[in-house]
Amino acid sequence: MVTLLAAPAEPLTNAGDTQLVLAALLGIAAVVLLIAWGKVHPFLALILGAAVLGVVAAVPVDKIVTSFSGGVGSTVGGVGLLIALGAMIGGLLAESGGADGIVERVVGRVSGSALPWAMAGVAALIGLPLFFEVGVVLLVPIVLLVSLRVDVPLMKIGIPALAGLSVLHGLVPPHPGPLVAIDALGANLGQTLALGLLVAIPTVIIAGPVFGNLIARYVPATAPAELLPTRRDVAADRSPTRPGDGRADADGDLVTEDDLLNPGTGRPGAAIEEPAGRRSTRPPALWAAVVTVLLPVVLMLLRAIGELTLDEGTAGRKALDIVGTPIIALLAGVIFAMIFLGYRSGFSRTQVSGFLGGSLPPIAGILLIVAAGGGFKQVLVDAGVGNLVADAAEGANLSPLLLGWLVAVGIRVATGSATVATITAAGIVAPLAATLAGPEVALLALAIGCGSLFFSHVNDAGFWLVKEYFGLTVGQTIKSWSVMETIISVVGFLGVLLLDVFI
């Protein structure tokens with residue numbers, strides 16, 4: 001994830017190892033059972049699961065609340081803003097017709113059998129400079145529309161896109177996980193980048209198009225209608241406001257669904273949208289839609305290049321660090337879309353504002369679930385579950401590559417955090433890195449990165465992000481996303497071992 005949720009200096013409990021293991025297992029089981037059997041909303045299930053975990057681990061109640069709230073805040077502050085800005089870009093692409101233009105070009109140029117491969121390639125290219133969450137919110141609207149337009153199973157093209165993003169996020173700098181491992185181990189960044197790309201290519205192919213074609217037969221997913229980026233005729237859908245149709249807010253004013261989707265005009269009962277006849281019929285140029293999607297990518301890529309080529313503290317480096325920050329880059333994409341997909345296409349300021357506002361309600365549930373996933377993960381970390389796995393591995397007599405991978409796997413499964421898994425595993429095997437040659441240190445960093453991607457499940461906020469965006473059940477998400485992440489971890493690690501033979 002974008003935010004770093006690290007373990008505190010001292011765990012919040014003095015519970016023994018067996019009690020911590022039991023607490024983690026019961027907390028995760030509570031989440032799964034509440035959702036799958038009790039049909040409880042995932043947001044509530046994650047809160048209750050965190051409570052079960054904390055109580056069984058003998059964490060004081062006030063510290064459970066503090067830890068969970070801190071995880072929620074960190075996740076919303078990092079991931080939540082990115083999701084909201086990405087949804088705004090998707091909304092403007094949909095309402096202006098820009099997304100339709102991109103889909104028509106993709107469908108027209110690529111045949112049905114080649115679509116999964118094209119999606120994997122595009123996702124890997126876009127995922128090079130992007131955080132995983134940013135790539136998801138930018139690519140999902142395109143994936144949903146392509147699946148609908150060519151009648152291809154959603155998982156057949158969705159899995160390749162997710163695989164391309166996930167592999168690059170875990171194995172290739174300048175993503176935070178690989179950079180943390182490189183710094184902790186003293187690896188050469190250029191060597192790690194080159195070897196990471198060699199490992200990434202076959203891993204994306206196997207976990208993406210190959211696995212996607214297989215799992216599409218067993219997970220008949222359908223794109224969520226509320227997240228489908230289609231244009232809406234706001235004037236036709238709207239009916240006049242009548243007494244009793246809304247709800248009263250704290251000041252006694254009537255609040256209708258219209259008020260949540262669009263800015264108010266100050267005229268009670270008056271239509272907020274422009275009349276249907278005034279809506280633009282001029283579709284935006286294809287270049288404008290493409291630039292809208294790629295502008296955040298380019299800005300973040302420029303930042304990554306600056307980190308590799310410019311000295312820290314120089315004016316150019318500072319400027320690129322600012323414009324390449326994910327939030328700034330996505331905000332630039334929103335502003336560009338407002339101008340070139342909105343105003344330049346003939347939409348009024350009121351209409352553009354309405355499109356932006358209308359893109360946010362469908363993602364409200366996703367934001368809450370992802371945030372609760374971050375809170376659940378933080379309780380796991382603060383209780384000391386990650387430290388438990390790390391301590392158990394310190395005395396193992398294994399090769400550095402296998403040890404690094406196994407430690408990262410254990411902490412990833414226990415805490416759900418790829419970044420925490422990378423930091424802890426790199427710290428444990430760092431003394432061994434001093435005895436290795438340069439390329440072997442780079443391979444060690446990649447082995448840890450592979451382990452940090454193993455089996456994402458209910459304690460990972462990314463699990464819920466994928467589940468909600470693709471409209472899956474918990475079981476379907478485990479069959480598709482969780483298995484895909486495991487394939488990435490195992491295949492990637494096998495690739496690392498194979499390279500180790502020849503280096």
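Before we look at any helices, here is how an angle is taken: axes are lines fitted to C-alpha atoms, for helices over the stretch in contact, and angles run from 0 to 180 degrees between N-to-C directions. The helices themselves (H or I, at least four residues) are DSSP runs, numbered from the N terminus.

A quick word on the model, everyone. It is predicted, so local features need pLDDT of at least 70 and side-chain atom pairs count only at pLDDT 80 or more, while totals for chains, interfaces and linings use all residues. Residues are numbered from 1 along each chain as its sequence is written, and side-chain values use heavy atoms, with hydrogens and water left out.

Let's start with helix 7 and helix 22. They pack at an angle of about 45°, and their axes are 11 Å apart. That makes helix 7 oblique to helix 22; angles under 35 degrees count as roughly parallel, over 145 as roughly antiparallel, 65 to 115 as roughly perpendicular and the rest as oblique. The crossing is right-handed, the term for a near helix turned clockwise from the far one by less than a right angle, with anticlockwise giving left-handed.

Which residues of helix 7 meet helix 22? They are Met155, Ile159, Leu162, Ala163, Ser166 and Val167, and their partners in helix 22 are Ser480, Trp481, Met484, Glu485 and Ile488. Contact here means heavy atoms within 4.5 Å. Ala, Val, Leu, Ile, Met, Phe, Trp, Tyr, Cys and Pro count as nonpolar, Asp, Glu, Lys and Arg as charged, and the others, Gly among them, as polar.

Next, please find helix 18 (residues 400–415) and helix 20 (residues 438–451), which pack at about 25° with axes 7 Å apart. Helix 18 and helix 20 are therefore roughly parallel, and their crossing is right-handed. Their contact has ten nonpolar, two polar and two charged residues.

Helix 3 (residues 61–96) and helix 6 make another pair: their axes come within 9 Å and cross at roughly 20°. So these two are roughly parallel to each other. Val79, Leu82, Ile83, Gly86 and Ile89 in helix 3 meet Glu133, Val134, Val137 and Leu138 in helix 6.

A cavity, on a 1 Å grid over the protein atoms alone, is a set of points where a 1.4 Å probe fits but cannot get out, and lining residues have an atom within 4 Å of a point. Grid points are joined across faces, edges and corners, and a volume is the space filled by probe spheres set on the points.

How many cavities of 30 Å³ or more are there? The count is five.

Notes
1 Å grid on protein atoms, 1.4 Å probe; cavity = no way out; pocket = protein on both sides within 12 Å on 5 of 7 lines; lining within 4 Å.
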